[in-house]
Amino acid sequence: MPWPDTEALVGGLRKPLRASGLALAVSVGLWAWFTAPLMLLAPVALFAVWLIASTQGRQVLAIAWMGIVTIPQRLGATSVVLVGIAGVVGVFVALQAMAEGFEATLRSAGDDDTAIVLRAGADAELSSGLDRAAVTLIAQAPGILRDDRDVPIASAEVVVVANLPKRSTGTDANVEVRGVGREVWLLRRGVHIIQGRRFKPGLRELIVGRGAQAQFRGATPGSVIRLNNQDWRVVGVFSSGDAHESELWGDAESVGAAYRRNGFQSVTARLVQPQVIERLAAALTHDPRLRVDVQTTRAYYGKQSQRLTQVIRGVGTVVVVIMALGAVFGALNTTYAAVAGRSLEIATLRALGFTAVPVVLAVMLETMALALAGGLLGAGVAWAAFNGYQVSTLGSNFSQVVFQFDVTPALLLQGVQWAVGIGFVGGFFPAVRAASLPVIHALRAQ
Amino acid sequence: MKYLPLLVAALLRRKARTLLTMLSVTAAFALFGMLDAVRVAFEAPESLIGIDRLIVASRFSIIQPLPLGYLSRIQSVAGVKAITYANWFGGVYQDPKNFFPNFAVDADTYLAMYPELVLPPAERKAFLDTRTGAIVGQALAEQFGWKVGDKIPLQATIFPRKDGSNAWTFDLVGIYGVSDPALRGLERQMLFRWDYFDEGRDPRYRPGTVGWYAVRIDDPTHASRVAGAIDRQFANSADETKTQSERDFQRSFAKQVGDIGLIVTGIMGAVFFTLLLMTGNAMSQSIRERIPELAVLKTIGFSDLAVVGLVLAESGALLVLGGVAGMALAWSTLPAVRDLSAGQLDVTMQPQSWELGLCLIFLIALAVGLPPALKAKRISIVDALAGH
């Protein structure tokens with residue numbers, strides 16, 4: 001006999017020993033599945049070959065098939081497992097997609113080719129401040145790329161916050177208004193006007209980001225926005241594919257004048273090449289006339305997203321772990337009931353000479369197939385409902401950052417990974433129960 | 001009472017099923033308890049404290065300060081009983097991760113305006129007598145192990161000192177508590193004196209201005225009239241004001257963070273829908289198995305109503321035991337969440353969450369129990385006993 005009789009083996013052991021053995025097996029299986037799912041590919045492939053090639057394997061398939069074709073008879077109980085797991089996966093994918101989208105929006109605002117200079121100690125542009133003398137010094141620092149007229153490609157910017165009503169709630173929200181320098185179009189090459197035209201320097205004209213246009217009332221070309229009690233005309237819409245799309249842009253001097261400012265918040269400059277950042281930082285931080293921090297925009301915007309994404313990811317994980325526990329209990333309940341309902345059938349198979357192993361494997365295969373279907377359903381619904389869904393929240397400049405949920409393929413796979421994990425636990429214990437049913441009792445009970 | 005043994009027997013009939021169903025109810029309500037605590041925290045506590053306070057801030061944006069000269073002009077508005085002012089500082093203690101609100105206040109009038117901050121008289125006197133003095137809430141003092149007499153260094157992010165450095169040092173002269181446990185969030189603040197702050201800040205950062213005024217009015221029902229009167233005073237000036245009730249002011253912040261309520265409702269909707277299916281399925285299974293037994297009960301004289309009651313009591317017991325256990329679990333783990341997040345996620349379950357949870361338990365028990373209960377009512381004794 002190629003397979004040991006598990007029944008005799010298991011029956012000989014004491015109950016607690018057996019229970020802890022099972023728990024250990026489940027933990028190891030789950031651990032492997034969540035830490036290194038790819039490592040399991042080879043055993044799974046071997047298992048598939050065994051299923052098709054060996055007699056026992058074909059027995060497994062036969063029993064599992066019988067279980068699957070009888071699902072319509074147990075539709076109520078089965079759909080409970082399906083919907084339960086779909087719910088877990090849906091919530092998981094949606095929450096993670098929110099974190100992913102926020103991070104991507106801020107991350108893509110930064111790169112290694114541009115550097116941002118802030119007053120030393122300031123943690124965001126809004127709390128920074130640089131006077132005119134400092135701005136001139138910074139623009140002339142070494143390592144900053146120059147345009148064909150030999151002007152440094154650097155933009156001294158004024159960042160202020162204005163109140164505009166949100167379309168969704170109708171209540172005032174903080175909108176970031178960025179006054180930019182003349183070289184900004186060469187500095188941020190990803191910015192394109194998609195409607196209207198650029199603002200004219202010296203005039204009270206604004207262009208609005210695509211995200212801001214979608215979120216705030218009055219942020220459309222042709223309308224007039226009041227900044228500090230002055231009328232500003234919106235003349236265009238721009239796209240940039242990053243956090244700047246949440247902003248309103250105007251001429252730095254005009255915006256500064258409107259807010260009675262005679263200084264700037266930050267200087268962003270294009271570098272000759274990424275490596276010069278250290279030379280630039282050294283030159284500026286050692287200049288006794290300046291007190292500034294220098295970093296690449298990638299480092300700056302990376303930091304801005306950290307806190308919120310950590311919170312969303314942390315809360316999301318807690319929520320999903322609790323939901324998954326609930327789903328495991330539901331799956332266990334349903335599978336136990338299914339096994340109990342089929343005890344006569346299983347006992348008959350055992351009486352015919354089927355060993356315990358194919359019975360265990362068949363019940364597990366069935367539950368995991370069900371879980372996989374639930375996972376795909378949940379992932380599909382989350383993708384259809386949330387991919388590209390646009391929301392906004394308070395960013396570190398104390399103003400709204402507009403971003404979209406980003407349902408990536410990796411997230412969908414992780415969702416399915418959760419589903420199969422739940423199916424594994426939910427199927428394992430009932431499967432062992434099914435295999436250890438005393439044949440005689442089961443046959444007699446009917 | 002006489003039905004209790006029957007109820008217990010019904011629940012213990014299949015121990016594994018009862019336990020698993022109850023555990024899934026527990027998981028669902030544990031999640032509900034935690035998420036609802038977060039939702040309530042964001043929607044600002046519904047309390048009577050502060051109902052007579054208005055906040056006066058710049059109409060244009062949160063970053064625009066108001067001149068200190070507005071003080072007497074606001075005070076002269078009819079209906080204004082008291083006034084104080086404050087300025088956001090945004091200092092960092094050691095690491096940006098240790099975030100807590102810290103701001104400069106006019107010591108005497110601020111403590112009078114906020115009686116919910118309870119400070120021992122001696123420490124209050126010390127705060128009024130020490131220019132460099134600061135007070136912190138109990139929770140914050142515990143988190144960082146601060147004692148009265150400590151020097152607390154804050155790194156400025158917005159306001160550098162006159163000499164250009166960002167290092168501000170304060171003397172801790174008092175530790176306050178709150179008068180109502182629901183306001184425990186206020187214990188995570190640090191307050192220091194506005195006069196010390198104003199004198200010390202870099203003259204380019206607009207000395208002589210304040211971030212906002214807080215005003216007490218004589219009658220909360222006159223709030224909108226007084227707010228309008230204040231704003232009219234400064235209409236068409238360089239610094240127009242926007243006056244609103246303190247609660248509206250807080251809510252506008254919460255709204256800006258995002259619709260937490262909607263996210264929580266979405267998640268809980270998915271969870272409770274699944275729970276409904278799961279327990280409903282378990283209940284109907286359990287009744288189906290027991291049809292002959294229910295028929296026996298009817299034969300020996302149990303009325304239809306009694307049978308319906310028994311089934312409903314069974315689903316009620318499942319939901320109440322599991323649900324209350326879940327919420328108790330949430331209630332007892334939230335302090336651990338606070339410690340794990342270094343105080344950043346500090347929420348507690350308020351009575352309103354418990355009330356909402358109990359309502360949900362009742363509704364779900366009814367929704368889950370009613371279909372099998374009606375089925376049990378319709379059982380015909382003869383058919384059931386004959387095994388049809």
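Which residue is the bridge partner of Asn102(B) in β9(B)? Keep that in mind while looking through these close-ups of a predicted model.

**View 1. Strand β4(B) lines up with strand β9(B) in the parallel sense.** Here's the reply to the opening: Asn102(B) has Met190(B) as its bridge partner in β9(B). Four bridges join the two strands, with β9 of chain B covering residues 190-193.

**View 2. Strand β4(B) also pairs with strand β3(B), this time in the antiparallel sense.** Look for residues 80-88 of chain B, which make up β3, and residues 102-105, which make up β4. Three bridges hold this pairing. At one spot, Ala86(B) meets its bridge partner in β4(B), Val105(B).

**View 3. Tyr213(B) sits in the largest nonpolar core.** That core counts 235 residues, and Tyr213(B) is listed with Val88(A), Ile422(A) and Leu31(B) as having the most contacts inside it. So who touches Tyr213(B), once its neighbours within four places in sequence are left aside? The partners are Val56(B), Leu66(B), Tyr70(B), Ile74(B), Ile83(B) and Tyr85(B).

**View 4. Chain A meets chain B.** Chain A brings 42 residues to the contact and chain B brings 37. On the chain A side, the elements that give two or more residues are α5 (75-107), β2 (154-165), β3 (172-180), α11 (297-341) and β11 (390-394). Helix α11(A) gives the most, with eleven residues.

Notes: Residues are numbered from 1 along each chain as its sequence is written. Chains are lettered from A and ligands numbered from 1 in the order in which they are written. This is a predicted model: local features need pLDDT of at least 70, side-chain atom pairs count only at pLDDT 80 or more; totals for chains, interfaces and linings use all residues. Two residues are in contact if their C-beta atoms, placed from the backbone, lie within 7 Å. Two strands pair if DSSP finds at least two bridges between them. A nonpolar core is a set of buried Ala, Val, Leu, Ile, Met, Phe, Trp, Tyr and Cys residues joined through C-beta atoms within 7 Å. A residue is buried if 20 or more other C-beta atoms lie within 10 Å of its own, exposed if 12 or fewer, and partly exposed in between; C-beta atoms are placed from the backbone.
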